[in-house]
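Hello, and welcome to my notebook. I have the structure open beside me, so let's look up a few things together.

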Amino acid sequence: MGSVYDKIIIGAGLYGLYAALYSGKKGEKVLVLEYDSEPFSRATFINQARVHMGYHYPRSLSTALKSAGYYRRFHEDFSFAINDSFRQIYATGSEFSWTGAEEFQEFCIAAGIRCEALSPDTYFKPGMCSGAFLTEEDTYDAMILKDWFLKELETLPNVQLVCEVRLKDIRRQKDVFEIAFICKGDRLQAETPYLLNATYASTNQVLSMVHDADGAGQAADTTFAIKYELCEIILCNAEGDLRNIGLTVMDGPFFSIMPFGKTGYHSLTSVTFTPHVTSYDRLPAFKCQEGTECSPAQLCNCSRCAHKPDSAWPYMSRLADKYMRPEYTYSYERSLYSMKPILRSSEVDDSRPTVIRVNSEHPRMVSVLSGKINTVYDMDEYL
Amino acid sequence: MPHSDREPKFVSVVTYIHNDEGRIRKFLDEVMGKCRDSFDKCELILVNDDSTDGSIDEIHRYFSEKPADYMVSIIKLGLKQGIESAMNIGRDMSIGDYVFEFDDLSIDYPIDMLTDAYGKCLEGSDIVSVSGNYRMRFTSKCFYSLYNRFSHGQYSIGPETFRLLSRRAINRIRSVGSFIPYRKAVYMNCGLKADRLTYDVTGGAQTAPKHGRSDERMNLAVDSFIYFTDLLERISLGICIMFIVIALGVVAFTVWSYFMDQHLASGWVSLMGFLSLGFTGVFGLFTIVLRYLSVLIDLSFRQRHHLIEDIEKISGN
């Protein structure tokens, strides 16, 4: 019999800690379990750090409008962690874009988001882009955000964060979930009527660990239909004028280079070269897992893995150079890797960047899967 | 394994695929093998122009047997677009420092021609075209000699097996104009240094392989004359001038008859005078309209549409 909590949250990313803080402030007793040695070690930190305004959804106006609302709210709540001191420029490629310059502009007007037409030749090589637009969008600094969350949580004695946790078992009893885990050699157990699965790439792994107490085996399969991509974000040192701008070429062979929060680095990513390997299995199976602790049952941290792939810098930098004017120079600093789960349906549908699923009503289990940082507010109604 | 003798360069190979099932394997083995041995990083872009045979299956089979350690992209075109626009799409997709364009998969050249072409590039030519010492077909001969005579280009063009472009050349081509109806012609007139390499054809073929069906080739030839030469404009201008001269002649004859010939039917002079002056005006206008049309052609060079159905990536780094 372990200690009892009002909520147990698996995964100390932004969604996990946001939920912990939200519930903690209500006076609930909360336990947060994290695999890595500190929070925000994976997807919350390792992504483009974009605070989405909605520019990415030219095919879904409703998503764009919702994004814009969340953007403003996120901005108010976390202004201290946001880098807005650069010009964020979106451009539409001349050749392969599914969305042309005019469509993009019309879409922005309809969504009520800033979109000021600029001359593409200011930033891009002649003929490469059909349109360039100054937009209102910025990036957040995950590490500043982390420090803030940790400081806030410190003031709440009812919220406990445990790192370096290895989950062993999740058993569904009549009224509670019983969770067995190992932390720094100790075998521990905890109970809760409310389990939140906020693990992102490991979401199916956690779900498949749940089983019913009567020994009937697996609970009903509520896993997500996802594929997994091992993604690379390149951090680089921007030089000269590039320091103060962020560039995103929309659609097609999409790439973007923009300030990575307040770290002083720029992140470089591209649609074609950022994903390295893909797994189409329900649970992430990869060749690179052989000989490591990582397995389809438990993902480790890709950035710290000995088997991480070679950087795609030669590809990504050439793609960026192909578009950008030659005076924008930058150099390689290092690469970050993380696993990205992609909802199968979202590939054709822009309308749901965040999915929250109630896996079990009683006891309650909720899983959240979101690739966008500012849709964190979607969780409020479930907490 | 990084080879020390590899050039520290990124090379893109852009290849046109149209019902080439039987030739893909050899091409990939030899050309990509050579590129892997010679350059640090490679990329292969296969532009599938609506193949109706098993070309694409063959490509998949090849790479599942021999997984590539370079990037492979297959561009699937929505409908058959012909070699010129297909290869334009492929070239625009490429990201390499140097880009090889293969319009045809048959290899009748010593494989070292690839590195020879690269060597020429290093010597300062941004565009290197490689051709065999074929006997040219009569129609090709006519086309190239007429073309070269009237295009007033920097370099003359001829049949080519493959070519190598530097990234600088590609940037330049894009800034010259975005519509490229006939690649050779644009490449050779982009203002950068171009060079030509010739090889002795290995194997049996003595005449150059045909790229595309003959009606497509005919269309391309006529279009190229319109776009890149002033031959057609000159012909029409000539016809106009001829008619103006005839019309003026009639004017002169009418005037002469008015004074010299006393037996004219009444009204003949005024009728002929009106007709001939009128025709002179009409042909004058034609000349102006033709000029306008040629300006319009220049303007529409800025229009282009890539119709891609799908881009498939097989393997990365």
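This is a predicted model: local features need pLDDT of at least 70, side-chain atom pairs count only at pLDDT 80 or more; totals for chains, interfaces and linings use all residues.

Entry 1, the two domains. I looked at chain B and found the C-alpha centres of its domain 1 and domain 2 to be 48 Å apart. Domain 1 covers 7–229 + 308–313 and domain 2 covers 231–300; such bounds come from an automatic or database domain assignment.

Residues are numbered from 1 along each chain as its sequence is written, and chains are lettered from A and ligands numbered from 1 in the order in which they are written.

Where does B:L232 sit? I found B:L232 in helix α9 of chain B, residues 231–260. Helices (H or I, at least four residues) and strands (E, at least two) are DSSP runs, numbered from the N terminus. B:L232 counts as partly exposed because it has 15 C-beta neighbours inside 10 Å. For the cut-offs, a residue is buried with 20 or more other C-beta atoms within 10 Å of its own, exposed with 12 or fewer, and partly exposed in between, with C-beta atoms placed from the backbone.

Leaving out residues up to four places away in sequence, I see B:L232 touching B:F225 and B:I226. Contact here asks for C-beta atoms, placed from the backbone, within 7 Å. I also checked B:F150, 82 residues from B:L232 along the chain: their C-alpha atoms are separated by 9.6 Å.

I counted 6 helices and 23 strands in chain A. Its C-alpha trace spans about 70 × 45 × 35 Å along the principal axes. Of the 383 residues, 48% are buried. Among contacts between residues at least 6 apart in sequence, 71% join residues at least 24 apart.

Which way do the residues of β14(A), 194–197, point? A:Y194 and A:L196 point one way, A:L195 and A:N197 the other way, and all are buried. Next I looked up the pairing (at least two DSSP bridges between two strands). Strand β2 of chain A, residues 7–10, pairs with β14(A) in the parallel sense over 3 bridges, and A:I9 stands opposite A:L196. Strand β23 of chain A, residues 364–370, also runs parallel to β14(A), joined by 4 bridges. There, A:S367 is the bridge partner of A:N197.

Methods:
Two residues are in contact if their C-beta atoms, placed from the backbone, lie within 7 Å.
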